[in-house]
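Keep the sequence and the model open side by side as you go.

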Amino acid sequence: MARMHKPIYEHRLRVLVAQIVPCLRAGDRVLDVGCGNGTLGAALLAAPLGCPAGVVVEGLERVVRGGEPIKVHAYDGKVMPLEDKSVDVVIVADVLHHEEQPDRLLRECARVSRRLVIIKDHRISGALSKWRVSLMDWAANAPYGVPCLFRYNTLAQWRGEPAKFNATIEHELTSMDLYPGLWNPVFGKDLQYMVFWRTDKAENA
Ligand SMILES: C[S@@+](CC[C@H](N)C(=O)[O-])C[C@H]1O[C@@H](n2cnc3c(N)ncnc32)[C@H](O)[C@@H]1O
């Protein structure tokens, strides 16, 4: 199973890196919440087009695996052991649909972020899309023991989220070519969602 997932996972990583790196600034402190095995953080630092100088990426995990390529901090999954506005950028990639209380997690992400919260997740628009996302979610996570809740937001639900946390949408992707080859039309495209929230707008206003 791991051998089949590898090219799909590597393609996904390249797409996420290409989206995230242009949003980083020199010296940024980046927190990857629910970083899993830490490969996204390491891939950002090794980005082919160059990560800005002095960027530091650390992870925060409810279930720390051990042996990650970035520094990972364990916590209870509820209250982050960080001061308000203590990191520049928070990334939360394919984590929220695994969380029983996604709004509690988003509130914590927005609280600790000085500038950006970057969310990558799924979106559904009907029963068939929910079935496709659920199948993909199960196939990608069950072999690694990550529990699935099979709950996903619609686009309207995603667009209602930032106002709850005093954040604003800087830009969003409502369709993503996340996977290679034929995996993409079946499980990529409009089943994928990525959004960049500004958390400093109130300060700038
Ligand atoms: C599908 S994996 C995604 C891993 C990684 N973000 C990536 O993109 O490869 C979901 C991860 O979210 C973690 N997770 C779920 N709820 C969490 C929470 N409240 N705080 C931190 N991590 C959480 C799980 O332990 C799991 O490692």
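**Exercise 1. Is E7 largely enclosed or open, and why: how many of the seven residues of E7 are buried?**

Before starting, note that this is a predicted model: local features need pLDDT of at least 70, side-chain atom pairs count only at pLDDT 80 or more, and totals for chains, interfaces and linings use all residues. Residues are numbered from 1 along each chain as its sequence is written.

Step 1. Helices (H or I, at least four residues) and strands (E, at least two) are DSSP runs, numbered from the N terminus. A residue is buried if 20 or more other C-beta atoms lie within 10 Å of its own, exposed if 12 or fewer, and partly exposed in between, with C-beta atoms placed from the backbone.

Step 2. Apply the cut-off. Five of the seven residues of E7 are buried, so E7 is largely enclosed by the rest of the structure.

Step 3. Look at the partners of this strand. E5 and E7 run antiparallel and are joined by seven bridges; Asp-121 has Tyr-193 in E7 as its bridge partner. E6 also pairs with E7 in the antiparallel sense, over five bridges, and here His-171 stands opposite Phe-196.

**Exercise 2. Which residues of H3 are buried, and what do they pack against?**

Step 1. List them: Leu-105, Leu-106, Glu-108, Cys-109, Ala-110 and Val-112 are the buried residues of H3.

Step 2. Look across to the sheet. These buried residues pack against E1, E4 and E5, where contact means C-beta atoms, placed from the backbone, within 7 Å.

**Exercise 3. Describe the largest nonpolar core.**

Step 1. A nonpolar core is a set of buried Ala, Val, Leu, Ile, Met, Phe, Trp, Tyr and Cys residues joined through C-beta atoms within 7 Å.

Step 2. The largest core has 49 residues, and Val-90, Ile-91, Val-92, Cys-109 and Val-117 have the most contacts inside it. Several elements each supply at least two residues, among them helix H1 (2–20), helix H2 (39–45) and strand E7 (192–198). E4 gives the most, with six residues.

Step 3. Zoom in on one member. Not counting residues up to four places away in sequence, Ile-91 touches Ile-20, Val-30, Asp-32, Val-33 and Ile-118.

**Exercise 4. Which residues come nearest to the ligand?**

Step 1. Residues are near a molecule if their C-beta atom, placed from the backbone, lies within 6 Å of it.

Step 2. Of the 18 residues around the ligand, Gly-34, Gly-36, Gly-77, Ala-93 and Val-95 come nearest.

Step 3. Sort the shell by type: nine residues are nonpolar, five polar and four charged. Here Ala, Val, Leu, Ile, Met, Phe, Trp, Tyr, Cys and Pro count as nonpolar, Asp, Glu, Lys and Arg as charged, and the others, Gly among them, as polar.

**Exercise 5. Where do Phe-150 and Asn-166 lie?**

Step 1. Phe-150 lies in the loop between helix H4 (127–141) and helix H5 (155–160). Phe-150 is exposed, because it has 12 other C-beta atoms within 10 Å.

Step 2. Asn-166 is in the loop between H5 and E6. With 13 C-beta neighbours inside 10 Å, Asn-166 counts as partly exposed.

Step 3. Check the backbone. Phe-150 has a positive phi of about 60° although it is not a glycine, and Asn-166 also has a positive phi of about 60°. Most residues other than glycine have a negative phi.

Methods:
Contact = placed C-beta atoms within 7 Å. Pairing = 2+ DSSP bridges.
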